[in-house]
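Subject: Structure handover

Hello,

I am passing this structure on to you, with notes on what was found in it. Please look through the model first and then read on.

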Amino acid sequence: MASVVRLRWVMRERLGRAGLNVLAVALAWLCVLPAWAHASVLSSAPSATWGTDGAVSSVVAAGKLVYIGGAFDYIGPYTGSAVPLTVRHGSAVARFPKVDGSVFAVAPDGKGGYYIGGSFSRVGGVARANLAHVQANGSVDLAWNPHANSTVRALALWGSTLYAGGQFSSIGGRARNLIAALSARTGLATRWNANARGPRGYSGVYALVLSGSSLYVGGEITSIGGRVRHYVAALDPGTGRATRWNPGASGVVYALATSRSTVYAGGIFFSIGGQRRDNIAALSAATGRASAWNPDVSGIVYALAVSGSTVYAGGAFTSIGGQTRTNIAALAASSGRATPWNPNPGGIVFADTPAGFVSALAVSGQTVYVGGYFTSIGGQARNNIAALDARVGDATAWNPTADADVDALAVSRSIVYAGGSFTSIGGVVRSHIAALDASTGHPTSWNPNADGTVDALALSGSTLYAGGSFTSIGGAARTQIAALNLSTGQATGWNPGANLPAPCVSEKCPPSFGVLALAVSGSTVYAGGYFTSIGGQLRNRIAALDTTTGAATAWDPNLAGSDAFYDFDEYVDALAVSGRTVYVGGGFTSMGGQARNNIAALDPATASATAWNPNPDGTVRALALSGSAVYAGGSFRSIGGAARRRIGALDPATGTATAWNPNANGDVDALAVSGQTVYAGGSFTSIGGHRRENLAALDAMTGQATVWNPNAGGNVDALAFSGPAVYAAGGFGSIGGHPQQGLAAFRPLP
């Protein structure tokens with residue numbers, strides 16, 4: 001789920017650079033705030049607010065609640081990528097250090113702490129390169145710092161020695177290729193040096209298992225311990241020399257597990273131990289020969305675990321052990337046949353193809369803990385992590401919920417250690433729209449559950465209007481526009497139904513489509529975006545809808561387009577209403593019967609364009625109104641008859657640019673005005689004469705940036721006020737260098 005959302009972000013950025021003008025709607029209004037709010041000095045550090053797993057493109061505030069819409073599927077606290085969870089409730093323990101990066105291996109230290117390996121740079125604010133020791137009290141072991149120079153993929157503890165495998169060439173202060181033995185006390189590499197090698201550019205050790213007098217190694221290796229070994233080997237844990245055990249796999253071994261005299265191997269291969277075996281095998285611990293055990297899996301095996309007479313396998317497959325099984329199965333250790341146990345994870349589909357996987361398994365008593373990339377398993381909704389009944393395969397009540405894949409699991413005492421590529425665990429699923437408590441920053445139970453992106457929100461009384469690219473929201477079929485009850489989240493009977501865009505032509509597809517902008521005035525809802533019919537009438541990219549019936553009124557500015565179905569350069573991205581004027585921004589060449597480039601002022605009675613004509617040379621993506629100015633942001637270089645880079649203030653009577661000139665060096669996608677301050681968001685690094693990353697506060701008189709400097713680590717697409725607080729939303733992943741994804745709230749300094 002989250003991986004697909006990240007892909008959307010990448011696509012959006014690439015398309016944006018190509019000039020397709022894809023960023024979400026940015027609608028900002030003048031908020032009449034109390035004088036104390038106007039005078040408050042905001043903190044540049046965000047207050048505690050849960051973040052999202054995808055971009056937030058719209059935000060509105062209503063009393064004690066803040067509503068958000070976007071391309072997210074999850075909201076939760078920032079936890080980092082390694083979290084100790086209680087076995088009883090699945091909640092995070094009270095104190096643990098947050099990991100900045102990904103964690104692929106976890107090994108309990110036997111004293112209540114744990115070792116973690118992966119691809120990360122900091123743990124609990126302490127610099128740690130890819131390997132760290134977290135003590136039982138939740139603090140980082142400051143004396144233990146092996147500093148691996150590349151990713152650590154596997155860990156195994158044996159007495160006072162920690163074995164590490166991965167893709168590094170230096171660790172613990174010594175040159176070590178792909179595998180090393182480290183002092184569990186000091187973190188220094190011992191003299192033990194198995195010196196693994198593999199195919200150039202693809203080598204790595206991915207699995208380590210200690211059993212008896214052998215350290216079993218799996219990965220992408222061709223030699224190790226002084227001998228030629230293909231993808232799997234056994235080493236003497238004392239000397240590092242390869243033993244005579246040599247199954248010789250034909251491809252990568254990702255997973256290993258042992259039981260008495262058997263070594264189980266999983267990965268992506270077609271032969272091992274001298275026999276034809278597809279991706280999974282049982283090998284003699286004495287000879288390395290494959291036994292008759294042959295589940296014959298249809299895809300990759302990433303994880304293995306053995307409990308009694310059962311072998312659990314996880315990966316990316318559709319059949320195993322003679323049965324249809326999706327990504328996880330229980331196999332009889334005696335026969336290799338799949339047992340009736342069938343949790344059947346699902347929910348992840350990309351390009352109409354199942355795209356989920358199981359990448360971590362841990363068994364404790366009658367519970368099988370599972371990590372991977374899924375949204376359901378064991379008959380229940382579960383995001384990427386779950387506990388399954390070992391007898392029947394049903395999901396237990398244990399439900400931590402992670403925002404991305406879980407790749408490592410280890411159970412010790414009453415704790416389940418989870419690691420992966422997630423940044424949040426312990427949150428809630430919310431698809432594309434949510435309500436947050438303004439005081440806590442946590443989501444409420446309000447959950448309309450849209451099946452597509454929500455790009456625009458507008459509030460009127462007890463109704464929240466939503467626009468985007470969805471076909472279902474609030475429990476009802478609604479195409480790209482809906483009205484939601486603020487109490488229940490259910491869709492009301494209001495149903496204008498904007499049409500979906502025609503299929504892509506010659507690879508020119510709309511990077512964003514549907515309803516992108518909304519504004520409410522009295523008994524009218526104004527809607528803009530990519531559509532050609534709405535409210536039962538033909539309307540090209542802009543319309544006025546009756547708040548009671550949802551029907552399109554006679555108001556029809558008829559935005560021009562060379563082809564109403566295929567010209568994706570024609571759209572409405574911003575709307576704002578002031579008295580007798582409807583202001584429109586976007587990408588167009590005519591509006592309301594007149595030639596108008598990218599911005600226009602329309603008569604709310606006739607839909608005709610007024611004489612007001614700033615004529616910018618690029619798109620307008622944001623509008624904000626105050627008594628003395630119409631503020632515009634976008635991708636233009638001139639507007640109102642003057643050179644203005646991406647942001648300007650226009651005279652509401654004449655349309656000419658005022659002297660106000662912050663001069664941004666990147667696109668401005670969001671604007672909001674409060675008293676003598678204009679807040680601007682976008683994709684810039686300089687504005688108002690100062691370096692500001694994507695978010696700034698500008699003096700409404702001079703255009704200079706104020707001292708407020710949150711330093712957003714990514715696009716800011718929407719801004720809103722809630723009392724004295726300013727909310728910023730977008731595709732950012734950090735604020736001020738600290739993780740904060742999608743949404744941030746800034747409150748006045750005490």
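Predicted model: local features only at pLDDT ≥ 70, side-chain atom pairs only at ≥ 80, totals over all residues.

The largest pocket

The volume of the largest pocket is about 1200 Å³. Its lining is made up of 40 residues, and those nearest the centre are Phe104, Tyr206, Ser359, Asp407 and Leu409. Seen by element, two or more lining residues come from each of strand E7 (99–108), strand E11 (152–158), strand E16 (204–211), strand E21 (252–259), strand E26 (300–307), strand E33 (357–364) and strand E38 (406–412). Which of them gives the most to the lining? That is E33, with 7 residues. Sorted by class, the lining has 32 nonpolar residues, 5 polar ones and 3 charged ones.

An open sheet is formed by 3 strands, in the order E3-E4-E41, with antiparallel pairing. Strand E3 (56–62) and strand E41 (433–437) are its edges, and each of these pairs on one side only. From one strand to the next, the twist averages 20°.

Strand E4, residues 65–70, pairs with E41 over 5 bridges in the antiparallel sense. Gly69 is part of strand E4, and the residue opposite Gly69 in E41 is Ile433. Is Gly69 buried or exposed? Its relative accessible area is 0%, and buried means under 20%, so Gly69 counts as buried. Leaving aside neighbours within four places in sequence, the contacts of Gly69 are Val56, Ser57, Ser58, His432, Ile433, Val454 and Leu457. Gln537 is 468 residues from Gly69 in sequence, and the two are 26 Å apart in space, C-alpha to C-alpha.

One of the paired positions sets Ala672 against Tyr679 in E63. E62 and E63 make a hairpin with 2 residues between them, and in the turn Gly675 has a positive phi of about 55°.

Strand E66 (residues 695–699) is also joined to E63, by 5 bridges, and again the strands run antiparallel. There, Thr677 has Asp699 in E66 as its bridge partner.

- Arg541 has a phi near 75°, a positive value in a residue other than glycine. Arg541 sits in the loop between strand E50 (537–538) and strand E51 (542–546), and is buried, with a relative accessible area of 2%.
- Ala607 is not a glycine, yet its phi is positive, at about 70°. The loop that holds Ala607 runs between strand E56 (599–602) and strand E57 (620–626). With a relative accessible area of 3%, Ala607 is buried.

Regards

Terms used
Residues numbered from 1 in each chain as written. Heavy atoms only, no water. 1 Å grid on protein atoms, 1.4 Å probe; cavity = no way out; pocket = protein on both sides within 12 Å on 5 of 7 lines; lining within 4 Å. Points joined across faces, edges and corners; volume = space filled by probe spheres on them. Helix = DSSP H or I, 4+ residues; strand = E, 2+ residues; numbered from the N terminus. Nonpolar A, V, L, I, M, F, W, Y, C, P; charged D, E, K, R; others polar. Pairing = 2+ DSSP bridges. Axes fitted to C-alpha atoms, helices over the stretch in contact; angles between N-to-C directions. Buried < 20%, exposed > 50% of the residue type's maximum accessible area, 1.4 Å probe, protein only. Contact = heavy atoms within 4.5 Å.
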